[in-house]
Amino acid sequence: MNPPISHTRIGLALLLLVTLASCNGFGDSRLNRRVTLWRQDKIPYGTYVAYESLPHLFPAADITVNHNAPSELHTREGKRAFIAIVPSMDPDPSEINALLNFVGQGNQVFLSSFRFGDSLLHTLGLRTGLRSSNYNGGDSLQLSIYNPSTSDSLSFAYPGQAYDNWITHLDTQYTTVLGRDSRGRPDMVRFNYKGGGALYLHFAPMAFTNFFLLHKNNKAYYDNALSYLPNTIQEVIWDDYYRYDHSKNFSVLRYILNSRNPAGDFSLRWVFWLLLLLFLLIYLFDSKRKQRVVPVIAPLRNSSLDFVKTIGRLYYQRRDNQDLALKMVTHFLDHVRTRYNLPVTVLDEDFVERLSHKTGVDKGTLQELVEYIKQLPAQRYVADGELLDLQRKIEALYKLA
């Protein structure tokens with residue numbers, strides 16, 4: 001089945017060539033090595049070319065995309081082909097039975113993957129050279145396929161990643177070898193069923209990537225591989241269901257931690273752990289115990305002295321020195337009465353001696369102040385100098401006492 005080259009196919013090839021060139025030599029010296037096998041990816045290891053070429057290989061068939069489990073592949077009129085090109089395929093027993101029943105109804109199933117589950121391989125009686133967790137990390141891929149019409153062996157190669165596997169054991173009674181790797185080991189087999197159905201297993205999915213198909217004449221490999229499917233197919237089902245691991249309940253965290261490219265690219269997992277480490281460091285540094293700022297506690301102020309100053313300024317502005325002096329004396333005597341518990345009704349020598357004893361102020365200083373206080377009410381005028389002298393004496397007594 002080799003349809004003539006159309007303008008659409010030429011345009012598609014040119015578009016992908018420009019994409020590959022931009023990743024490998026023009027504008028970016030590094031090849032995008034991310035392996036997705038995703039039908040919408042135009043990067044080197046996507047399968048955009050393979051998916052878009054289906055209408056040219058099967059011009060009479062409808063092209064659909066499947067997102068459901070194989071049990072949803074209900075019987076319809078006409079023959080159908082189920083194609084899955086995915087990084088990993090590990091169907092459970094019920095899904096295996098659904099796929100085999102689909103084939104038993106005369107349909108075609110074409111599966112290509114890096115890893116096939118042990119249950120599927122055991123059901124088909126196959127053993128592989130590499131375990132499901134290992135990869136052939138070669139920097140080039142060489143393989144061959146038998147032409148469906150002439151049975152001639154056609155060889156193909158490209159300078160990209162290999163990641164292929166091979167079969168070490170098969171039952172030749174039920175298994176037909178359609179392709180081999182560079183060492184002649186089977187890497188593509190077919191199981192025929194009654195009613196015209198067939199199951200194909202392919203162990204080198206990199207042969208369906210954009211990079212491989214656009215390298216020289218490698219598109220012929222794709223054409224020959226899918227030409228084993230009958231051209232009477234009325235519907236081609238491209239599978240997206242097995243792009244994800246359905247063996248366990250889906251979890252975003254499990255998907256991140258288990259995400260892995262065959263190229264050994266653990267970028268998503270590493271980004272997750274690096275972000276977690278970054279948040280941990282931020283928490284540790286930000287939550288580190290900090291020394292609280294010790295508030296400055298101002299010493300207790302002499303409120304009595306402040307009050308005297310305030311009253312003094314008020315009366316000084318009125319220029320009534322005698323009244324101000326009397327107020328100052330009254331406040332001073334009230335301070336003596338409340339602070340030292342001394343009666344101030346009689347300002348005699350006994351008062352001076354007791355006040356000196358309690359305050360520690362010189363008796364002569366107190367006697368001079370008391371004498372001035374006693375004669376103050378009889379004065380008709382108090383000069384500014386006398387008022388200031390009285391203020392200094394009382395303030396000095398406040399500080400000493």
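Buried means under 20% relative accessible area, exposed over 50% and partly exposed in between, computed with a 1.4 Å probe on protein chains only. By this criterion helix H7 is mostly covered, with seven of its eight residues buried. The buried residues of H7 are Lys219, Tyr221, Tyr222, Asp223, Asn224, Ala225 and Leu226. Helices (H or I, at least four residues) and strands (E, at least two) are DSSP runs, numbered from the N terminus.

The model is predicted: local features need pLDDT of at least 70, side-chain atom pairs count only at pLDDT 80 or more, and totals for chains, interfaces and linings use all residues. Residues are numbered from 1 along each chain as its sequence is written, and side-chain values use heavy atoms, with hydrogens and water left out.

The chain has 401 residues, and buried residues make up 43% of them. Its secondary structure comes to 14 helices and eleven strands. Contact is defined as heavy atoms within 4.5 Å. Of the contacts in the chain with a separation of 6 or more, 66% link residues 24 or more positions apart.

A nonpolar core is a set of buried Ala, Val, Leu, Ile, Met, Phe, Trp, Tyr and Cys residues joined through side-chain atoms within 4.5 Å. The largest such core has 45 residues. Leu54, Phe58, Ile83, Phe212 and Leu226 have the most contacts inside it. Helix H7 (residues 219-226) supplies the largest share of this core, four residues. Phe212 touches Leu141, Leu143, Phe156, Ala157, Tyr158, Met206, Ala207, Asn218 and Tyr221, not counting residues up to four places away in sequence.

Two packed helices are described by the angle between their axes and the distance between the axes. Here, axes are lines fitted to C-alpha atoms, for helices over the stretch in contact, and angles run from 0 to 180 degrees between N-to-C directions. The axes of helix H12 (residues 349-359) and helix H13 (residues 363-375) come within 9 Å and cross at roughly 135°. H12 and H13 are therefore oblique to each other. Angles under 35 degrees count as roughly parallel, over 145 as roughly antiparallel, 65 to 115 as roughly perpendicular and the rest as oblique. The contact involves Glu349, Phe351, Val352, Glu353, Leu355, Ser356 and Thr359 of H12. From H13 come Lys363, Leu366, Gln367 and Val370. The residues of this contact divide into five nonpolar, three polar and three charged. For this count, Ala, Val, Leu, Ile, Met, Phe, Trp, Tyr, Cys and Pro are nonpolar, Asp, Glu, Lys and Arg are charged, and the others, Gly among them, are polar.

Ile373 also lies in helix H13. Ile373 is buried, with a relative accessible area of 7%. Leaving aside neighbours within four places in sequence, Ile373 is in contact with Val329, Phe332 and Leu347. Ile373 and Ala325 are 48 residues apart in sequence and 9.1 Å apart in space, C-alpha to C-alpha.

Several loop residues were also examined. Ser151 sits in the loop between strand E5 (141-146) and strand E6 (153-158). Ser151 is not a glycine, yet has a positive phi of about 65°. Ser151 counts as exposed, at 51% relative accessibility. Lys216 occupies the loop between helix H6 (210-213) and H7. Lys216 has a positive phi of about 55°, although not a glycine. Lys216 counts as exposed, at 74% relative accessibility. Gln105 is in the loop between helix H4 (93-104) and strand E3 (108-116). At 35% relative accessibility, Gln105 counts as partly exposed. Gln105 and Ala198 are 93 residues apart in sequence and 9.8 Å apart in space, C-alpha to C-alpha.
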